[in-house]
Amino acid sequence: CFESGITIRPGFGDAWWSLASLRKYRFSAEQLDELKKQVTADSDDATSKISFHFALARACEADDDYDGAWKYYDRGNLLKRSPVNYDPVQIETSHDTLIKFFSQEFLEANSPPATEPAAPIFIVGMPRSGSTLLEQILASHSQVEGAAELPYMGLLSESLGGPRGGSRRYPNVLEDMTADQIKSFGKSYVYYARSNLLQKLPRFTDKMPANFTHVGLIHLALPNAKIIDARRHPLDACVGNYRQLFAAGKNHAYDLNECAEYLLEYLRVMDHWDEVLPGRVLKVEYEDVVAGLEGQVRRILEYCELPWEEACLNFHETSRPVNTASSEQVREPIYSDAVRYWKNYETHLDDVKEILAPVLGEHSQK
């Protein structure tokens, strides 16, 4: 279908990017000539122009031309970043507010008993850090449905406190809410989440990465929910974001330095949750899953209070729709190609290494 698309309409960038994103697809010489022609053509279609650059970058990677690929990634990301409204300072400020509000004292004083069923399994973290793989493993279990990235935790938290600009917004408005109101918030989340489910199984996953900021709220509103933090080598996570043309959102991804700073912010917030809610979140390293799949699957299922099922090891055989950037990878058995992929671009990563220096030491052997 994509090949038909570029034949009918060569200037349609989405079709080129979709082809380039197929893990084992290779452009023909004629297709590459046309793609290079489209990159340099005069066009008012800025979206397609971005897609052409990302597609050419992937084509260069297929030929092990990583310097050439980086050139096109740089150009594509520059075009994508220009119109994006992203403020790193605002991100840091909002995280400061969360960390200050969700103190250990507040959480201890307001934590409810875990009386409700442990239906939701949240998978949080940086994009491109293995969350789709973890979801596919869990969705291969007979009791779990994979619901992909659900927006409801973010949308519902934004609705707390009335109109935007009010003096009592989330998270501060939680001080004004009773335990029953917070519990009702959790029920609302589950109601909306279940509206996306088809199988009506006892458990479901929500792998919205940005829910890492909502761990405190999840703990209060859904005390029996499970939370898994999907981790990956910081340089692989940043390079993975920079190489991906996301359909929407992920606005930190189109400037490599901003991506590194966002990753540090994510780690800062997760360190806070580990401090004030010790043991509440299960950290799963992508490299550990690749190196020892069965051991990590057993660890994940035990944390989620799910019985062992062999199907979770054969996650690639599970037939379910996956529409994130890792859709193809989770159709194959575990492989190690993506581990230390950043090494292919090491000559371009000096500035990022400097930004990430505080956290790279613990990953030096990975």
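Predicted model: local features only at pLDDT ≥ 70, side-chain atom pairs only at ≥ 80, totals over all residues.
Me: How do I read the open sheet, and what is the order of its strands?
Reply: Strands of a sheet pair through backbone hydrogen bonds, either parallel or antiparallel. Helices (H or I, at least four residues) and strands (E, at least two) are DSSP runs, numbered from the N terminus. Two strands pair if DSSP finds at least two bridges between them. Here 5 strands form an open sheet in the order β2-β3-β1-β4-β5, with parallel pairing. The edge strands, each pairing on one side only, are β2 (144–146) and β5 (281–285). On average, neighbouring strands are turned by 25° against each other, direction ignored.

Me: Which helix packs on this sheet and touches β1, β2, β3, β4 and β5?
Reply: Helix α8 (residues 131–139) does, and its direction makes about 160° with that of β1 (120–125). Contact means heavy atoms within 4.5 Å. Axes are lines fitted to C-alpha atoms, for helices over the stretch in contact, and angles run from 0 to 180 degrees between N-to-C directions. Helix α10 (residues 179–194) lies across β1 and β3, at about 90° to β3.

Me: How many bridges join β4 and β5, and what is the bridge partner of D229?
Reply: Strand β4 (residues 226–231) pairs with β5 in the parallel sense over 5 bridges. The partner of D229 in β5 is K283.

Me: How many salt bridges does the whole structure hold?
Reply: Side chains of opposite charge can pair when their charged atoms come close. The cut-off is a side-chain nitrogen of Lys or Arg within 4 Å of a carboxyl oxygen of Asp or Glu. The search finds 15 salt bridges. One of them joins D337 and R23, with the closest N and O atoms 3.2 Å apart. D337 lies in the loop between α15 (293–303) and α16 (350–360) and R23 in the loop between α2 and α3 (29–40), so the pair ties together parts 314 residues apart in sequence.

Me: Are R231 and D229 buried or exposed?
Reply: R231 and D229 are buried, and their side chains meet in a salt bridge (2.6 Å, N to O). Buried means under 20% relative accessible area, exposed over 50%, partly exposed in between (1.4 Å probe, protein chains only).

Me: What does L267 touch?
Reply: Not counting residues up to four places away in sequence, L267 touches R231 and V359. L267 is found in helix α13 (residues 256–276) and counts as buried because its relative accessibility is 11%.

Me: How many aromatic pairs are there?
Reply: Rings of Phe, Tyr and Trp (its six-membered ring) pair if their centres lie within 6.5 Å; planes under 30 degrees apart count as stacked, over 60 as edge-to-face and the rest as tilted. The whole structure has 21 aromatic pairs. Among them, W17 and F54 are edge-to-face, at 5.7 Å centre to centre and 80° between the planes. W17 is in helix α2 (residues 13–21) and F54 in helix α4 (residues 46–62), 37 residues apart.

How values were computed: Residues numbered from 1 in each chain as written. Heavy atoms only, no water.
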